[in-house]
Amino acid sequence: MTINQYHYLSPQIIERLESDETFSKTDQQPTRYAYAEAMLELGEKNPKVVVLDADVSKSIGTNQFADKFPDRSFNFGIAEQNMMAAAAGMATTGLIPYATTYAVFASMRALDMVRNSIHYPKLNVKIAASHGGITPGPDGVTHQGQEDLSIIRSIANSTIIAPADPATTKLAVWAAADYEGPVYLSFTRDPVPAIFDLNYPFEIGKAVTVRDGSDATIIANRDLVVQALIAAEHLARKGRDVRVIDCHTLKPLDEEAVLTAASETGAIVTAENNVFYGGLGSAVAEVLVENNPIPMKRIGVRDTFAESGPYLDLLEKYGLSANHIEVAVEEVIHRKF
Amino acid sequence: MSSEPMSVEELEKMAVIIRCDIIDMICTAAAGHPGGSLSATDVVTALYFRVMRIDPENPDWPDRDRFILSKGHACPVWYAALAERGYYDKSHLKTLRQMGSILQGHPDMNKTPGIDMTAGSLGHGLSAGLGMALSAKLQKKDYHVFVVIGDGESQEGSIWEAAMAAPNFKLDNLTAILDYNHLQNDYSVDDIMPIDPVADKWQAFGWNVIDIDGHDMAQVVQALEEAKSHQGAPTIIVANTVKGKGVSYMENVCEWHGKAPCQEEADQAFKELRR
C-alpha cells in the first residue's frame, strides 16, 4: 500500500500498521491522561475553566490541575449528582466547568442532573467521562461505561465527542471549551496507540477520512479507530480497498460524510466500543435507512455485559477487535453483489 | 435600579396579592400546585420585595442575588412574585402551562425572565445554588444565593450531598430555606418518610440553623437578613409553614398539593385572602 492512502498518520504508524506489528507500550496512553494534560494547558489559556472532581482525580489525572490551579479545582467527593448540578449552577455565572468522573457515573448515577439541569437549560458544562466502553478491562462490569454514549445521545441539546487517541483527545477538550453548550467527552481507561498528532484537523461535527478506500467504509470512534485501521490493512492484503473514517463526534453526526461514503463505497461497517443500541451504529443506520440503504453491519457490544480481563483480550472475546471488523467488512462487501 | 425595600406591613399586603395571583393562575390553567406555592409565599415575597439585591430591568445582571425554587412545582409563587416585581407583564400569569407560554409547568430559565435556574426534578436546586455560590467566591463577587427546598424534597439523597458540601466549601453566601409544610404528594411527610429532627441534621452537617414561623413576616425578614450577613458557614432557615396557607379548605389538606381550584373555589379563596 502507498503512504498516500493514509491521512494524518505519521510514517512510523503507517509502517507499523503495514508490517502488522503490535503497538509497543511506549506508543500508547490512556486518553484520560491526555485529557488531564490538555486541561493544564487550557487552564493557562482560559481563566473561566474550572475542574470539578468526584474522588477520581488521581485516576484520571486532574489532580495535576488541582495542584496547578488550586482555586479553580473543586473535589466534590463521591457525590456525582451534587457535582453535576453544581456544575450547572457554575455555568450560569459564566464559568466553564469540566465535571470529571467515570462514564457509568456521569451518564447513569447523575443522569437526572445531566438531563434536567445541564442539557434542558443548555448550560455550558463539559462532562469529562473516562472509562468509556469496556476499556476499564480489569475493573469489570460496574466500571465499564458501555451505555453512556447511547444514553447521552438520546438527550436533546447534547454534543458527544469520543476521540480516538491522545492527540485528538487534547484537540477535542480544547474545542469543547470554545463551543457554547453542553459537551460530553468520552475517554479510555486503558492505553490506546498514539496514531495522530496535533496537526489533525479537528472540528466538532466533522468526521475525518483517515484512510482512503473504495470497496467499503469502516466508520469508527474512540478506541476502535485503531482497530479499524488494523482491519483495513489486513483487508488490503486480500485485495480489499477499505476506507476508514474517524467519526469522533457522535452527535451531531456528520451525515454528509456517511452518505458520501455510502455512495462512493457502497457498504459500511460501524465500529464502537459501546452497546450497539443507540450509539454510532444506530446513528449511521438511521441516516442510511432513510437515504441510501446500502449493506451495513454494526460492530459493538452485543446485548451483554462483559467481564474483567485484559483490554485487548476483551475486545477479542466481545466481538470488537480488528479481526471481527475484518469479517464484518468481508460480509458487507459480499452483500453488495 | 430597584424600588425601595418594603416594610413588614407592605410585605404582608404584597403576600396577599401574590396568593391571589397563585389561585387565579392555577384556576385559569386548570392545573398546577397551589398548596406548596401558598406555603412558600411569605418567604418568596420577602426575598423579592425586600431582601434580595435585584434589578427587574436587568434580570441577567451579573452581581444580582440569585434565587432558586428547588421545589420547582411551586413555581406559581415564583411567577407571581416576578410579575408583581416587574420582570414581565402580569398578563402572562393567565398563560401558565399553555402552549407557547413563557411560564412552563416547571421553571425554565431560558423562557422566563428572572428565573435563575431551571427546576422541577427534585434535589437539584441546592446543588445548583452551591455552584453559583462557589462561582461568587472564585470571582470575588458579593452576591448571595437563596434556595427554597421542600420537606418532601429533603428525602432526595442529593439534598444531603449538597448539605455536606456547602459547609466544607465555607459557602456563607448560600442560604437554604426549608419550606416545612409537612405534606407531600401522597401523604404527610411524617407518615411516609419523616425528616425530623431536621434542624439537628443540618446543624450536624455544619450549617447555621434558624428556626422560624414561615408565615410571620417579621420573623421571615429578620431570618433572611441574618442569613445574608452570617459569616463562615451557610445558613438554613427552617420555615415552619402550612400547606395551602390562607385558603381554609386547602390548609393542611394533602389533595391540594397538585390540584387546581374551580372558579367557585377560587372565588371563595379570594374572599378569604382579602379579608
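Biologist: Happy to have you as my guide! Which strands of chain B does helix H2 (residues 34-51) lie across, and at about what angle does the helix run to S3(B)?

Modeller: Welcome, and please keep in mind that this is a predicted model. Helix H2 of chain B lies across S1, strand S2 (145-150), strand S3 (174-180) and S5 of that chain. Its angle to S3(B) is about 150 degrees.

Biologist: In what order do the strands of that open sheet in chain B come?

Modeller: The sheet has five strands, and their pairing is parallel. Its edge strands, each pairing on one side only, are strand S1 (66-69) and strand S4 (208-213) of chain B. Neighbouring strands are turned by 20 degrees against each other on average, direction ignored. The order is S1-S2-S3-S5-S4.

Biologist: How many bridges join S4(B) to strand S5 (residues 235-240) of chain B, and which residue is the bridge partner of B:Asn208?

Modeller: S4(B) and S5(B) run parallel, and six bridges join them. In S5(B), the partner of B:Asn208 is B:Thr235.

Biologist: Now to helix H1 (residues 8-29) of chain B: why does its end-to-end distance agree with its number of residues?

Modeller: The helix has 22 residues, and at 1.5 Å a residue these should span 32 Å. That agrees with the model, because the end C-alpha atoms of H1(B) are 31 Å apart.

Biologist: What covers the buried residues of H1(B)?

Modeller: Among the buried residues of this helix are B:Leu11, B:Met14, B:Ile18, B:Ile22 and B:Met25. Their cover includes H2, helix H3 (75-85), helix H8 (217-229) and helix H9 (263-274) of chain B.

Biologist: Which element supplies the largest share of the side of chain B that touches chain A?

Modeller: In all, 22 residues of chain B are in contact with 23 residues of chain A. Helix H4 (125-138) and helix H5 (157-168) of chain B each supply at least two residues of that side of chain B. By class, the side has nine nonpolar, eleven polar and two charged residues. The largest share, nine residues, comes from H4(B).

Biologist: Where does H4(B) lie, and at about what angle does it run to S2(B)?

Modeller: H4(B) lies across S1, S2 and S3 of chain B. Its angle to S2(B) is about 170 degrees.

Biologist: Let's turn to chain A. Which are the edge strands of its open sheet of seven strands?

Modeller: The strands come in the order S3-S2-S4-S5-S7-S6-S12, with mixed pairing. At one place in the sheet, strand S6 (residues 160-161) pairs with S12(A) in the antiparallel sense over two bridges. The strands that pair on one side only are strand S3 (73-75) and strand S12 (249-251) of chain A.

Biologist: Is A:Ser158 buried or exposed?

Modeller: A:Ser158 is found in the loop between helix H8 (148-153) and S6 of chain A. Leaving aside neighbours within four places in sequence, A:Ser158 is in contact with residues including A:His119, A:Tyr184 and A:Lys251. A residue counts as buried if 20 or more other C-beta atoms lie within 10 Å of its own. For A:Ser158 there are 22 such atoms, so A:Ser158 is buried.

Biologist: One last item: how far apart are the end C-alpha atoms of helix H2 (residues 31-45) of chain A?

Modeller: Several residues of H2(A) are buried, among them A:Tyr35, A:Met39 and A:Leu42. The 15 residues of this helix should span 21 Å at 1.5 Å a residue. The model agrees, with the end C-alpha atoms of H2(A) apart by 21 Å.

Definitions and conventions: Residues numbered from 1 in each chain as written. Chains lettered and ligands numbered in written order. Predicted model: local features only at pLDDT ≥ 70, side-chain atom pairs only at ≥ 80, totals over all residues. Contact = placed C-beta atoms within 7 Å. Helix = DSSP H or I, 4+ residues; strand = E, 2+ residues; numbered from the N terminus. Nonpolar A, V, L, I, M, F, W, Y, C, P; charged D, E, K, R; others polar. Pairing = 2+ DSSP bridges. Expected span 1.5 Å × (residues − 1). Buried ≥ 20, exposed ≤ 12 C-beta atoms within 10 Å, placed from the backbone. Axes fitted to C-alpha atoms, helices over the stretch in contact; angles between N-to-C directions.
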